Amino acid sequence: MSANHSALAHHFEDMGQQHEASTLGMWMFLATEILFFGGLFAAYTIYRHMYYAAFSAAAHHQNWLIGASHTAILIGSSLTLALAVWAAQTNRRRTTVIMLVLTLLLGGTFVSIKMYEYSQHVHEGLFPGQLFTYVDEQRPALTKGVELFMVFYFAMTGLHALHMIIGAGLLMWMIMRAQRGDFGTEYYSPVEVMGLYWHFVDIVWIFLFPLLYLLH
């Protein structure tokens with residue numbers, strides 16, 4: 001790759017070295033994210049074992065159709081972002097912009113549906129803390145365990161949604177850069193690195209969906 005490209009930072013010898021460094025940096029960041037989410041998954045697994053009946057009862061309050069729609073939307077967004085990376089690599093500016101915009105729209109749809117789902121849980125009295133008014137009438141002893149499940153639910157899905165919102169901000173930046181023609185055959189690493197982040201967030205949801213919606 002060219003050593004005289006306008007996007008080449010001064011501390012790199014050529015575009016290839018810069019691309020490898022940026023990709024490695026993102027993988028290192030994602031490794032810390034794996035540790036972060038991994039701790040939450042481990043804690044959830046431990047408490048699910050300790051309060052299995054209560055967690056099972058709480059999981060019945062999750063709408064698996066909404067969870068499935070989240071999954072389908074994120075899989076679709078991963079596809080459009082992968083196509084955006086391909087378009088950037090092959091110097092297809094218009095296609096790059098379109099695919100990035102579609103990814104942003106899908107991500108926004110995901111967050112919007114999640115906000116609706118949260119409002120439903122609040123309405124049902126399932127938000128942990130002072131707003132938690134739900135009582136398991138058939139098995140009152142499970143009520144505290146249900147609240148604990150909802151703590152994990154809101155913490156894990158909330159952090160995931162936060163990552164989606166951050167990703168949406170990055171997508172808007174990529175769209176602006178793609179529109180002005182920043183990306184091409186020699187320089188497409190920002191889109192590819194953004195893709196790694198987005199795919200990771202999608203994979204996290206692939207684990208959240210069965211844990212919170214399907215394992216009754």
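Colleague: Which residues does K114 touch, not counting residues up to four places away in sequence?
Modeller: K114 touches H70, Y153, T157, W205 and Y213. Contact here means heavy atoms within 4.5 Å. This is a predicted model, where local features need pLDDT of at least 70, side-chain atom pairs count only at pLDDT 80 or more, and totals for chains, interfaces and linings use all residues. Residues are numbered from 1 along each chain as its sequence is written, and side-chain values use heavy atoms, with hydrogens and water left out.

Colleague: Is K114 buried or exposed?
Modeller: K114 counts as buried, because its relative accessibility is 0%. Buried means under 20% relative accessible area, exposed over 50%, and partly exposed in between (1.4 Å probe, protein chains only).

Colleague: Which helix is K114 in?
Modeller: K114 is found in helix α4. Helices are DSSP runs (H or I, at least four residues), numbered from the N terminus.

Colleague: How many residues does α4 have?
Modeller: It has 31, residues 93-123. From first C-alpha to last, α4 reaches 45 Å, close to the 45 Å expected at 1.5 Å a residue. The expected span is 1.5 Å times one less than the number of residues.

Colleague: What else in α4 is buried?
Modeller: Among the buried residues are T96, M99, F110, E117 and H121. What covers the buried residues of α4 includes α3 (64-89), α5 (143-179) and α6 (189-214).

Colleague: And what comes just after α4?
Modeller: G125, with a positive phi of about 75°.

Colleague: At what angle do α4 and α5 pack?
Modeller: About 155°, with their axes 9 Å apart. So α4 is roughly antiparallel to α5. Axes are lines fitted to C-alpha atoms, for helices over the stretch in contact, and angles run from 0 to 180 degrees between N-to-C directions. Angles over 145 degrees count as roughly antiparallel.

Colleague: What residue classes are in that contact of α4 with α5?
Modeller: It has 18 nonpolar, 8 polar and 3 charged residues. Ala, Val, Leu, Ile, Met, Phe, Trp, Tyr, Cys and Pro count as nonpolar, Asp, Glu, Lys and Arg as charged, and the others, Gly among them, as polar.

Colleague: How far apart are the axes of α5 and α6?
Modeller: They are 10 Å apart, and the two helices pack at about 160°. That makes α5 roughly antiparallel to α6. Their contact has 20 nonpolar, 4 polar and 2 charged residues.

Colleague: New topic. Where is Q89?
Modeller: Q89 is in helix α3. It counts as partly exposed, because its relative accessibility is 27%. Beyond its neighbours within four places in sequence, Q89 is in contact with G184, T185, Y188 and E192.

Conventions:
Angles under 35 degrees count as roughly parallel, over 145 as roughly antiparallel, 65 to 115 as roughly perpendicular and the rest as oblique.
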